[in-house]
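Here is a short tour of a two-chain model, written for someone who likes to see contacts counted. Have the structure open while you read.

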Amino acid sequence: MEKPVATLDKGAICSAWNYCGQRLAAGSVDGYLSILDSRDPLSSSFTSSFKFKVHEGCVVKVAWIPPEYGVAVACIAEDGTLSIWEELVEGTNPLEWKLCTSFKTSSKVLDVQFSVTQTSLKMVAAYSDGFVKVFELLDPLELKNWQLQAEFQNVIDSVTIVGKASCLTACISWNPQNGEGQESSFILGFNSDTPQLNSPKVWEFDPAHQRWLPVAELALPVDKGDQIYSVAWAPNIGR
Amino acid sequence: MPGVSSDSARGALVPLSPESPAAAVYPLRHGLKSPISRLSISWSRGNSLRVSVFAAPSSDGSVNDGDGGKVVEVKLGGGDGEISEAHWRRIAYGSVSPFALLQSRKNAVFSLSKFSMNSSPYDGDWWDYIMEYSKDINALLVNQKSASVPVLDDPKSVITKGEEPTSLKAAWELLEMFYAEKPSHSWLPERLVDWLADYDSLFSGTHPTVHSKLVDFQKELVNLQVVEDDPKYWEVMSSALAVGWLNIVVKMLRLHGSYRLDQLSNRETENGLVEAVAVLISKMPRMRLEHEAGKLGECYKAKPDFAWEKWRGQINKLDSSAFWFQCAHQQTREGLRSMLQIMLGNANSLCSATYNWIELYISHFLYMRPLTVGLESMYSLAQKSIQLKPMASAHRLMGLIIGILGENTEVVLAECLKGFGPWMVAHAIELLTAGSDHAEMLLHEERQNLGGISIEELHRLVYAQVLSSFPLTWQIAPIYLISCMKHGMVLLQRLLSKQPVQDNQLLLKSIEICRLYELHSVTSNIMKIAGVHHWKHGRKGSGVFWLQQARDEYRLNRIALQLFDSVGKTISDESFKQWEGLIQLLGSDSKTAGGLEFLHKYRDFKKSLRQIHDGKATDSARQAVESLISLMKNPSTPQRFWLPLLYDSLKLLNWKERPLLNVSQTNLLLNKLQELSMARLRPDFIESELPPQALNSVRLALGTNLGRAILEE
């Protein structure tokens, strides 16, 4: 019933498949990122074709960038740095993975997810101080320049700011349906010491005011303050 | 399945109902030595699940053996043990056109029936279509591996081996028999007799069967000198007789020692009795249309009451004849008489001669109630047979038979799914709905608990998901997906969006399928991904091509802007060729980036510049000058490129032989230069990346040129 398809090197701690399930990115505790491919499109056995150092510390999460923007992976390190690496052929150089950009702030990045909207690529990053930032890619062919579009906390009441929050993990999931006339939305949850931040909320973009608004809170009144470990958006197949 | 909101029109969120049935749990083997610290789950194509299992990293830094992690792919519902993967693929590919043909015929029939007054769209043609469908699929199920067929008609071989039967084919034939053939229940028992003759061997693995006894006896037969002394000879013959394998019985009877020429004179009576039984057997009345050539028994189309009574009378007469006392050989006497008991329908004899309930069931039809019709009586008889010979273990075919006889559509579907997999259910539904309004309603009704789709659609989608899980069969999934009105299209879009684009063939195939089903947004998206992929991997030409196909103006604009960056810079020949080629590909679409027209003209200018290697070729130089002037005059030339253009043409301006520009041309350029100097004072002016003395060198060159030109005139 099950069949092994790949073996990961020692120290591997996280992995992510790309959009078509043909490549696997695996991050390890010593800061290396491995990219595994299958030699033959029909076979289902994956071996490492690239391995390079992305951070000094442990890589805690990897996420693929949507294929409309290239073959690229975002890595989050234990110290909270976010870096984006892309597979490129430049000039006469052979195929290699290069660093496109890196974000380092005082608060740590906990999770990052990408979404393709009608016009651009958006990146949502959740930070350890309870804030979430939405970035937008300016040039569709270069993954270097990201513009900060919005910054807010995962609370319904946007007026008060929850200070001094300390979050351990966060989880984000974009709504995969990007139909005509529908604004993009994502769901965000935290695992922190501040109950208001924890509960998963669905954020939707309001183009009239150019802001992100919380449209739903997915929690029963009883367990509103519970820590959230993982969220995932189910694909809509026509209901 | 998650709970569905009652008011799904507004899309309210509903928490997962805690009363949903417990999920099935499967153990997963990963082969890691260290304990597991993390798991990562991801759905791949179709219904395959990929699980990454990570071992706990060692804290003390020691080298432990074993890997850091393993990734396994899980596909539930492993294949049929009797059918190889290659055969399964053949079946999957081969079933596509009968299925598609039937769907199109169905659509045609229904659209016609809307206009006609018939209440039911089923008529003679419809049964023909169903039969054709069933036969086409049946042909696919023939197992290519056949055991060797003995060429010689060995008198001592009682069983000839043809192709090896599979349960799948047996199951399909059952369904065809009961559902696809026009209601002809009067012949069903006979069809079952034939069916058992073909497929009894399938039960030999888990149940005792007549077939296995025959096979065993066949092995011993080679060593037997006097067959009639062996009690097994008689047992096996009785069993074969009980299930109606008349040819085998007669053949075995003729092996009797009394036929040997040297024995004939002594054992006349014995031989007479044996031959009498053989003749009676070969004259058994059977209720069927006709026999295959060479098969024994008399065929009757309608209830042969008279013939049956006559035949039974003859058996009784033989049974009570005096010749038995004259028969010296005891085993022959007893063996033949027990065979006569079977033919007379003695329940005990039949029970002891058969080994599993199906064989007992068949024997009832042959000898006890040869004229039974009606499924209800067939079902109750089956139940009685099971009581008499309980099943040691479940067998998928047995479950299926009971479901069919019980006339319970849902049970039949469940047995098909459990025993034979999604392919079977997806294709068998067509047979089940063929003649039965009840089944049709049941399977076509839209159900809320399934999300608003019918059972038929559900099974087709499930099958399509199975097909999508394998790289060699995903291409036939679309045919099944589009026959599902509700969710098919969306699933098809998802299937196509998840196909990789690196392989050109696969890419073209995906696009072809998209075009076939008019999925324009998916098509342009796939092309966009391909374009970006090629562009970033050094194949810029292919990249631009695909982006143009996708009509991705956004990215094409960006590419054009990148090309503008090369204006005014010295670039190598290689890069120039590439740059030139890209401009060519981009065309002169004036929508993009302030007009690619300028780029084209600039390219021509650059080309002509390059042709001037030494200071001598005056004609080409003049041409270059013409291009330069036209470029500078052209309003579509962005101002920021004026200085780079002039800097590029320093060679021309400093022409040794003679001034290439006349007075008016030089004046024009000087004016432009002046305009440029004014513009530089503005705050939003973008400096081009040229060496700081560029402006001065150009001014100097133009001034010199002016002087020389005036002198010339």
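The report below goes from the contact between the chains to the domains inside them.

**Between the chains**

Please keep in mind that this is a predicted model. Chain A brings 50 residues to the contact, and chain B brings 54 residues. Together the two chains bury about 4500 Å², and carbon and sulfur atoms account for 58% of that area.

Two salt bridges are found across the interface of chain A and chain B. One of them can be seen at A:Glu86, which pairs with B:Lys536; here the closest N and O atoms are 2.6 Å apart. Polar contacts across the interface of chain A and chain B come to 17 residue pairs, counted with both residues at pLDDT 80 or more.

Which elements give two or more residues to the side of chain A that touches chain B? They are strand 1 (2–8), strand 2 (12–17) and strand 8 (82–88) of chain A. Strand 1 of chain A gives the most, with seven residues. By residue type, the side of chain A that touches chain B holds 30 nonpolar, 10 polar and 10 charged residues.

Strand 1 of chain A also pairs with a strand of the other chain. Its partner is strand 3 (residues 69–75) of chain B; the two run antiparallel and are joined by six bridges. Within this pairing, A:Leu8 has B:Gly69 of strand 3 of chain B as its bridge partner.

**Inside the chains**

Chain B is assigned domain 1 (26–57 + 65–75), domain 2 (85–114 + 124–142 + 166–185 + 375–385 + 396–480), domain 3 (206–373) and domain 4 (552–712). The assignment for chain A gives domain 1 (1–39 + 49–104) and domain 2 (111–238).

| Domain pair | Distance between C-alpha centres |
|---|---|
| Domain 2 of chain B and domain 4 of chain B | 73 Å |
| Domain 1 of chain A and domain 2 of chain A | 23 Å |

How many residues of domain 1 of chain A are in contact with domain 2 of chain A? There are 16 residues on the domain 1 side, and they meet 15 residues of domain 2 of chain A. The area buried between these two domains of chain A is about 1300 Å², with 76% of it on carbon and sulfur atoms. On the domain 1 side of chain A, A:Pro66, A:Tyr69 and A:Phe103 lose the most area to domain 2 of chain A, together 39% of what that side buries.

Between domain 1 and domain 2 of chain A there is one salt bridge. A:Lys61 and A:Asp111 form a salt bridge, with the closest N and O atoms 3.4 Å apart. Polar contacts between the two domains of chain A number two residue pairs, both residues being at pLDDT 80 or more. Strand 6 (59–64), strand 7 (72–77), strand 8 and strand 9 (96–103) of chain A each supply at least two residues of the domain 1 side. That side of domain 1 of chain A divides into 12 nonpolar residues, one polar and three charged.

Terms used: Residues numbered from 1 in each chain as written. Chains lettered and ligands numbered in written order. Predicted model: local features only at pLDDT ≥ 70, side-chain atom pairs only at ≥ 80, totals over all residues. Heavy atoms only, no water. Contact = heavy atoms within 4.5 Å. Buried area = accessible area lost by both parts, 1.4 Å probe. Salt bridge = Lys/Arg side-chain N within 4 Å of Asp/Glu carboxyl O. Polar contact = N/O pair within 3.5 Å; in protein donor to acceptor, adjacent residues only side chain to side chain. Helix = DSSP H or I, 4+ residues; strand = E, 2+ residues; numbered from the N terminus. Nonpolar A, V, L, I, M, F, W, Y, C, P; charged D, E, K, R; others polar. Pairing = 2+ DSSP bridges. Domains from an automatic or database assignment.
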